Amino acid sequence: MPGIQGENGGRVLPLVPGNIPGEEGHCWVVIYFPLGLAPYYGVRVGLWDIRGYELMLTPEQIKERLGYIGSTDSAAILGLSRYSTPLSVWAEKTGAIVPEDISHKLPVRLGHKLEQAVAELFTEETGKKLHRVNETIYHPKYKFLAANIDRRVVGEKALCEIKNVGAFRRDEWRDGQSPAEYICQVMHQLAVTGMERGYLVGLIGNTDFEIRTIERDENALRDLVSREVSFWNDFVVTKIMPSTSRGDKDTLSALFPIAEEGREIQLDDRASALCESIEGLRADLKGLESTIIGAENELKAMLGTAEAGTVGDRKIYWSNIITRRLDGESLKEELPEIYEKFRKPSTYRKFLIKTNTKENHNGDNK
């Protein structure tokens, strides 16, 4: 493949020339980097196009992720991720649930397309050249710890993690700050690769560009690796479910979608304590909701027929909303055949706590 050459004597050898179905102009290549180029680098396989640009992770690499803890998993395991939890990581790694394929979603596609532009901005701002790394790098001791880094810095034992985030997250980057989950991801990558520092680069709302330098901290990395190894050995290997958290509603529904009708089990004292806690909190919530509704009614009375009212820096609305809903009862009466044809059963699990004749449920019936 003319025009594609590795750095410092590295070379690119066509493995299976030709197009991949649905991807015009792409071919498989094996890329050889001299072993001294960066820690743990050897022979890697990646997907490049005819211009020499590497593409996103291959389907095989995505499948491989189920067999190791990656940087995004690390943040979830430590409870720092806003998208994932220790339980969801455990469920995916043990094969209990199939992770959702989000590669087709627009934010993911745009993020990947903008990655090169952000990398170029980093080089313009710092003068540091970046090299794309489209490969999986494994920890030298724990093969179930791995990382797919975005870029490495040429001539420096450093990596670059690129983030493209919305404007609504701008406050997380103010005054030299950066999201804890991103810092955790970079630290995991440093632990796996052995590199000395990581540059966390963020394009925020296409209006702000931020660069953070995260230096290698051996004590912090030792603690991080220890917690990741414990999670893998204590939960993934044994397939013992870890503790749940507030973000686990969907994961629990996926793990236990259907109840065994008629089956009843005896729970322990922990369950009794949880029930008492829930009942107390719901009683408090009911009182707060009553107070809120009362205050809202006072404001409605003040507005009368006005759509809006102003007080200080606040504007209060009591607007007209028109909705159109299908009248199921009338449809059933007038066109019963059509009603039955399009009526579909749905199954969900309803959560209840019963005490004699009282019932407490979670409000969403799921």
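The largest nonpolar core here has 33 residues, and Trp90, Leu145, Ile149 and Phe231 have the most contacts inside it. A nonpolar core means a set of buried Ala, Val, Leu, Ile, Met, Phe, Trp, Tyr and Cys residues joined through side-chain atoms within 4.5 Å. Buried is under 20% relative accessible area, exposed is over 50%, and partly exposed is in between, with a 1.4 Å probe and protein chains only.

At least two residues of this core come from each of α2 (71–77), α3 (86–93), β8 (158–165), α5 (180–193), β9 (197–204) and α6 (218–236). The most come from α6, which gives six. Helices (H or I, at least four residues) and strands (E, at least two) are DSSP runs numbered from the N terminus. Another core, of 11 residues, lies apart from this one and includes Ala119 and Val201.

This is a predicted model: local features need pLDDT of at least 70, side-chain atom pairs count only at pLDDT 80 or more, and totals for chains, interfaces and linings use all residues. Residues are numbered from 1 along each chain as its sequence is written, and side-chain values use heavy atoms, without hydrogens and water.

Next, Thr136, in the loop between β4 (130–132) and β5 (137–138). Is Thr136 buried or exposed? Thr136 counts as buried, because its relative accessibility is 7%.

Last, the surface. Ile338 belongs to helix α10 (residues 336–342). With 38% relative accessibility, Ile338 counts as partly exposed.
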